[in-house]
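Please look over the sequence and the structure shown here, and then read the short report that follows.

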Amino acid sequence: MTEDSGYIDYRKVLELPETYKPADVIRTYKKKMKNLVIEISRSKVTQEQRDQYLLLMAQLNAAFYIFRDRQRGETYLRDRDEVIRLEAEWEQVAGNAEKSDAMRRRYDQALRGFLARYMEELVLEAGRDPDCMEQSGWDAAHERHAGRILRQYRQQRYHEIHERL
């Protein structure tokens with residue numbers, strides 16, 4: 001998986017540079033999705049591998065969906081930076097119990113919102129996007145199965161972030 005301290009960086013999923021063009025997003029997404037679909041079709045897939053492939057496919061769809069729209073991409077990057085900033089602020093006030101508790105609550109609320117929005121809601125929304133559906137073959141069956149996997153993945157990320165802190 002492609003995470004940075006537990007906060008998924010969808011630019012890394014698509015291997016996009018800091019300054020990217022919409023054409024880079026489309027070209028990279030199509031290439032990565034094509035390679036993934038070929039890899040899936042060539043191998044006998046176990047249940048665990050299927051879950052991993054589905055998660056990777058969902059992440060590629062989400063990265064494409066987010067960065068294809070410049071405004072959505074900028075909002076995602078701002079939200080991600082904000083959660084990382086709040087984590088740093090919380091760590092700075094760790095010695096002061098009163099400030100630390102208030103900051104922890106603020107950070108936790110932002111973290112839950114970020115994970116829910118970008119690791120579950122937008123991922124499922126991306127799967128309903130006609131361009132994503134066409135490239136990935138994503139359909140209602142994928143969405144039903146992905147819902148469970150994405151909830152588990154979001155909870156796993158949440159716990160891993162808190163264990164690290």
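## Overall size

Because a compact globule of 165 residues would have a radius of gyration near 15 Å, the 17 Å of the protein chain agrees with that expectation; the radius is taken over C-alpha atoms, and the globule rule is 2.2 Å times the number of residues to the power 0.38. Along the principal axes, the C-alpha atoms fill a box of roughly 55 × 35 × 20 Å.

This is a predicted model, in which local features need pLDDT of at least 70 and side-chain atom pairs count only at pLDDT 80 or more, while totals for chains, interfaces and linings use all residues. Residues are numbered from 1 along each chain as its sequence is written, and side-chain values use heavy atoms, with hydrogens and water left out.

## Order of the elements

The protein chain has 7 helices and 2 strands, where helices (H or I, at least four residues) and strands (E, at least two) are DSSP runs numbered from the N terminus. Read from that end, the elements run β-β-α-α-α-α-α-α-α.

## Burial

Of the 165 residues, 41% count as buried, meaning under 20% relative accessible area with a 1.4 Å probe, protein chains only.

## Two packed helices

Helix 3 (residues 47-68) packs against helix 5 (residues 97-127) at an angle of about 80°, with the axes 8 Å apart; axes are lines fitted to C-alpha atoms over the stretch in contact, and angles run from 0 to 180 degrees between N-to-C directions. The two helices are therefore roughly perpendicular to each other, a term for angles of 65 to 115 degrees.

Definitions and conventions: Angles under 35 degrees count as roughly parallel, over 145 as roughly antiparallel, 65 to 115 as roughly perpendicular and the rest as oblique. Buried means under 20% relative accessible area, exposed over 50%, partly exposed in between (1.4 Å probe, protein chains only).
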